[in-house]
Amino acid sequence: MPGMTSGQARERFARARIARLATTDATGHPHLVPVLFALTGDTVVFAVDQKPKRTQQLKRLANIRTHPGVCLLADGYAEDWDRLWWARGDGTAAVLPPADRSPASARYVALLVEKYRRHGEQYAARPPDGPVVAVAVTRWSGWRAT
């Protein structure tokens with residue numbers, strides 16, 4: 001079964017609409033959540049948005065501050081198993097201030113708005129206003145069925 005080159009995995013990941021973020025808490029327990037993201041170079045960015053949450057001080061942010069090593073996974077599933085694939089980015093994450101307090105965060109939020117504008121107006125109408133996370137990916141890997 002064929003794998004993917006680093007470049008192929010990055011390309012496949014970039015086209016995905018959603019990824020899963022894996023972090024580790026202070027006690028070593030894993031934490032996995034879906035994220036909407038954008039990719040610039042080898043940096044994956046996402047932000048805390050307005051979807052209903054109890055707080056903007058999320059476990060994923062606390063985990064990143066404690067253990068910045070993260071993994072992101074995007075995948076494609078189909079009943080035709082010849083179309084299955086996954087792409088993974090391993091790297092180091094940093095929590096940045098919200099876009100209104102950081103030019104870098106503002107650029108990253110603009111990338112998110114642009115990416116998801118193609119799929120709906122949620123981010124265009126209400127750009128993320130919470131902390132932004134930038135993941136410097138140091139390793140891309142992946143697999144595809146054919």
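## Ground rules

Because the model is predicted, local features need pLDDT of at least 70 and side-chain atom pairs count only at pLDDT 80 or more, while totals for chains, interfaces and linings use all residues. Numbering starts from 1 along each chain as its sequence is written, and side-chain values use heavy atoms, with hydrogens and water left out.

## Overall build

You've got four helices and seven strands here; helices (H or I, at least four residues) and strands (E, at least two) are DSSP runs, numbered from the N terminus. Reading from the N terminus, the order of elements is α-β-β-β-β-α-β-β-α-α-β.

On size, a compact globule with 146 residues would have a radius of gyration near 15 Å, and the chain agrees with its 15 Å. That radius is taken over C-alpha atoms, and the globule rule is 2.2 Å times the number of residues to the power 0.38. The C-alpha atoms fill a box of roughly 45 × 40 × 25 Å along the principal axes.

## Packing and surface

Of the 146 residues, 41% are buried (under 20% relative accessible area; exposed is over 50%, partly exposed in between, with a 1.4 Å probe and protein chains only). Take the contacts (heavy atoms within 4.5 Å) with a separation of 6 or more: 69% of them link residues 24 or more positions apart.

## Strand 5 and its partners

Strand 5 (residues 69-76) runs antiparallel to strand 1 (residues 19-24), joined by three bridges. Two strands pair if DSSP finds at least two bridges between them. Ala-22 has Cys-71 in strand 5 as its bridge partner.

Strand 5 is also antiparallel to strand 6 (residues 85-96), this time with eight bridges.

## Two residues up close

Asn-63 belongs to helix 2 (residues 59-66) and counts as buried because its relative accessibility is 3%. Leaving aside residues up to four places away in sequence, Asn-63 touches Thr-23, Thr-24, Asp-25, His-31 and Pro-68.

Gly-7 sits in helix 1 (residues 6-15), and its 45% relative accessibility is why it counts as partly exposed. Gly-7 and Ala-22 are 15 residues apart along the chain, with 21 Å between their C-alpha atoms.
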